[in-house]
Amino acid sequence: MLHSTAAPHEKRRRLREDLASGRLLRVPGAMNPLTAVLVQELGFDAAYVSGAVIAADLALPDIGLTTLSEVAGRGAQIARVTDLPVIIDADTGFGEPMNAARTVQALEDAGLAGCHLEDQVNPKRCGHLDGKSVVGTDEMVRRIRAAVSARRDDGFVICARTDAAGVEGLDAAIERARAYVDAGADMVFPEAMRGPADFEAFRKAVDVPLLANMTEFGKSELLTAEQLESLGLNLVIYPVTTLRLAMGAVEEGLRVLRDEGTQAGLVDRMQTRARLYELLDYRAYNAFDGDVYDFTL
């Protein structure tokens, strides 16, 4: 009730232990805190906060328009409600290396378990669109070093994302990833891999945990959890899946409401009031309220 029962350092420890377990962690995107509650209830390993989803929720494109305060604020709201570790998309760190350092500390304060920083030029683009540009390897290394040096809790996972495969080629992306690991990155996120062969090449070249992005409508083949685990991947995110599911249903429902003048035909597709209250743990709040106010001295 109100907050998760696990402290941030406990969630960070859990994430590191799970990454070292050798199994694949399945991590859906939580588009809001209530979705994170459902992610935990359904038995997933962690929750993910997508920068693209935060931007879309504000009706903005994913081109670096969101701010650190907006991202950290949404991350804090989501981390508050779940005992799962929450990993967040920190884009390019919101500026220069000093900004990346501040970003890590803000995300630590928000209760997050880890973040990823990318090597795109700011303003950035969605990782699965053409026309991306990447900064020099040296600049990204400074970003990573700044983030690592600013970290106060060694449990906080700093992941380096490289978008270089679509710009400079797979071999160059692998070389960048090695440099990022040398700079202190705990995990590597090779963005826009096209299929198993790309992941396999990264796995052979990089010793730290690897993150796979299984986003829909992108450049990557949608591999199953079993395939990814067999390739040696450690964590898979489904960053925008819940938003796309929800917005598809919302758009369809609004069209029906507009055209038919009633939502009566949609009720059987809706989450019931009882199920919503169950997710909110309404009963626990009522019990707490009763314990506080309904008593006799």
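This report covers a helix, a surface patch, a contact and several salt bridges in a predicted model.

## Basis

The model is predicted: local features need pLDDT of at least 70, side-chain atom pairs count only at pLDDT 80 or more, and totals for chains, interfaces and linings use all residues. Residues are numbered from 1 along each chain as its sequence is written, and side-chain values use heavy atoms, with hydrogens and water left out.

## Helix 4

Helix 4 (68–80) has 13 residues and spans 18 Å from its first C-alpha to its last, close to the 18 Å expected at 1.5 Å a residue (1.5 Å times one less than the number of residues). Helices (H or I, at least four residues) and strands (E, at least two) are DSSP runs, numbered from the N terminus.

L68, V71, A72, R74, G75, I78 and A79 of helix 4 are buried (under 20% relative accessible area; exposed is over 50%, partly exposed in between; 1.4 Å probe, protein chains only). They lie on the same side of helix 4, because they cover an arc of only 165° around the axis, taken from the directions from the helix axis to the C-beta atoms. The buried residues pack against helix 1, helix 2, strand 2, helix 3, strand 3 and helix 5.

The loop between helix 3 (51–57) and helix 4 holds I63, which is partly exposed at 33% relative accessible area. I63 forms a nonpolar surface patch with L58, L60 and L65, with about 300 Å² of accessible area together (Shrake-Rupley method, 1.4 Å probe). Patch residues have over 30% relative accessible area and no salt bridge; nonpolar side chains are joined within 5 Å, like charges within 9 Å.

## E229

E229 is in helix 10 (residues 225–230) and is partly exposed, at 39% relative accessibility. Beyond its neighbours within four places in sequence, E229 is in contact with G22, R23 and L24 (heavy atoms within 4.5 Å). E229 and L25 are 204 residues apart in sequence, but 9.0 Å apart C-alpha to C-alpha.

## Salt bridges

The whole structure has 23 salt bridges (a side-chain nitrogen of Lys or Arg within 4 Å of a carboxyl oxygen of Asp or Glu). In helix 1, R14 and D18 lie four residues apart, about one turn, and their side chains meet at 3.7 Å, N to O. R14 is partly exposed at 32%, whereas D18 is buried at 12%.

R275 and E278 lie three residues apart in helix 12 (residues 273–280) and form a salt bridge at 2.7 Å, N to O. E278 is exposed at 52% and R275 partly exposed at 23%. Elsewhere, salt bridges that share partners join E118, K132, R161, D163 and E191 into one network.
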